[in-house]
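These are my notebook entries on a single structure. I record what I looked up, entry by entry.

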Amino acid sequence: MQPTISIPQHWGYPRFNLEQRTQQGIILGLYYYPSGTELAEQFDAGWRYALMPNKNSDEISYLKEDQIQPLTPEELFSEITAEIEFYEQQISILQQQLAVLTGGFTNA
């Protein structure tokens, strides 16, 4: 069963998704300040996003929807390709270590 999130009908839908990669980082969370609340009056109504600049960071930034820029398809392709290459290299290193451990006998 897929997890679902229910958004009240009188709220607008968020522009960005959880785990979406953006110019500012990866979206880890989102929350909403409904109109007519004290928080909305103080900080403006609408969606806010918690972003991590990169997966090796412990920094979190909190931005309004209009402060976030999506990646272009080319940038997204480049980022994902680089991550795949990184993990392929890690797999290769682990396979070499495993081969040394087993004397060259593996099931791979």
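**Entry 1: Helix 2**

I looked up the span of helix 2, which has 30 residues and reaches 43 Å from its first C-alpha to its last, close to the 44 Å expected at 1.5 Å a residue. The expected span is 1.5 Å times one less than the number of residues in the helix. Helices (H or I, at least four residues) and strands (E, at least two) are taken as DSSP runs and numbered from the N terminus. I note that this is a predicted model, in which local features need pLDDT of at least 70 and side-chain atom pairs count only at pLDDT 80 or more, while totals for chains, interfaces and linings use all residues. Residues are numbered from 1 along each chain as its sequence is written, and side-chain values use heavy atoms, with hydrogens and water left out.

I then checked what follows helix 2 and found Gly-103, with a positive phi near 70°. Within helix 2 I looked up Ile-84. Ile-84 counts as partly exposed because its relative accessibility is 45%; the class lies between buried (under 20% relative accessible area) and exposed (over 50%), with a 1.4 Å probe and protein chains only. From Ile-84 to Gln-2 the C-alpha distance is 25 Å, across 82 residues of sequence.

**Entry 2: The largest pocket**

Which elements each supply at least two residues of the lining of the largest pocket? I found strand 1 (21–22), strand 2 (25–33) and helix 2 (73–102). Helix 2 gives the most, with three residues. The pocket has a volume of about 210 Å³. Its lining includes Arg-21, Thr-22, Gly-25, Ile-26, Lys-55, Glu-79, Ala-82 and Glu-83.

For the terms, I worked on a 1 Å grid over the protein atoms alone: a pocket is an open set of points where a 1.4 Å probe fits, with protein on both sides within 12 Å along at least five of seven lines, and lining residues have an atom within 4 Å of a point. Grid points are joined across faces, edges and corners, and the volume is the space filled by probe spheres set on the points.

By class, I recorded three nonpolar, five polar and four charged lining residues. Here Ala, Val, Leu, Ile, Met, Phe, Trp, Tyr, Cys and Pro count as nonpolar, Asp, Glu, Lys and Arg as charged, and the others, Gly among them, as polar.

**Entry 3: Aromatic pairs**

How many aromatic pairs does the structure hold? I recorded seven. Rings of Phe, Tyr and Trp (its six-membered ring) pair if their centres lie within 6.5 Å; planes under 30 degrees apart count as stacked, over 60 as edge-to-face and the rest as tilted.

The pair of Tyr-32 and Trp-47 is tilted, because the ring centres are 4.9 Å apart and the planes lie at 55°. This pair links distant parts of the chain, with Tyr-32 in strand 2 and Trp-47 in strand 3 (residues 46–52), 15 residues apart. I found both Tyr-32 and Trp-47 buried. Together with Trp-11, they form one aromatic cluster.

I also looked up Tyr-33 and Phe-43, a tilted pair with 6.1 Å centre to centre and 35° between the planes. Tyr-33 belongs to strand 2 and Phe-43 to helix 1 (residues 38–43), 10 residues apart. Tyr-33 is buried, since its relative accessible area is 13%, whereas Phe-43, at 40%, counts as partly exposed. From Phe-43 to Ala-82, 39 residues apart along the chain, I noted a C-alpha separation of 37 Å.

**Entry 4: The nonpolar core**

A nonpolar core is a set of buried Ala, Val, Leu, Ile, Met, Phe, Trp, Tyr and Cys residues joined through side-chain atoms within 4.5 Å. I found nine residues in the largest core: Ile-7, Phe-16, Ile-27, Tyr-32, Trp-47, Tyr-49, Leu-51, Leu-63 and Ile-68. Strand 2 and strand 3 each supply at least two residues of this core, and strand 3 gives the most, with three.

**Entry 5: Positive phi outside glycine**

I looked up Glu-19, which has a positive phi of about 70° although it is not a glycine. Glu-19 is found in the segment before strand 1 and is exposed, with a relative accessible area of 67%. Asp-44, also not a glycine, has a positive phi of about 85°. Asp-44 is found in the loop between helix 1 and strand 3 and, at 41% relative accessibility, counts as partly exposed.
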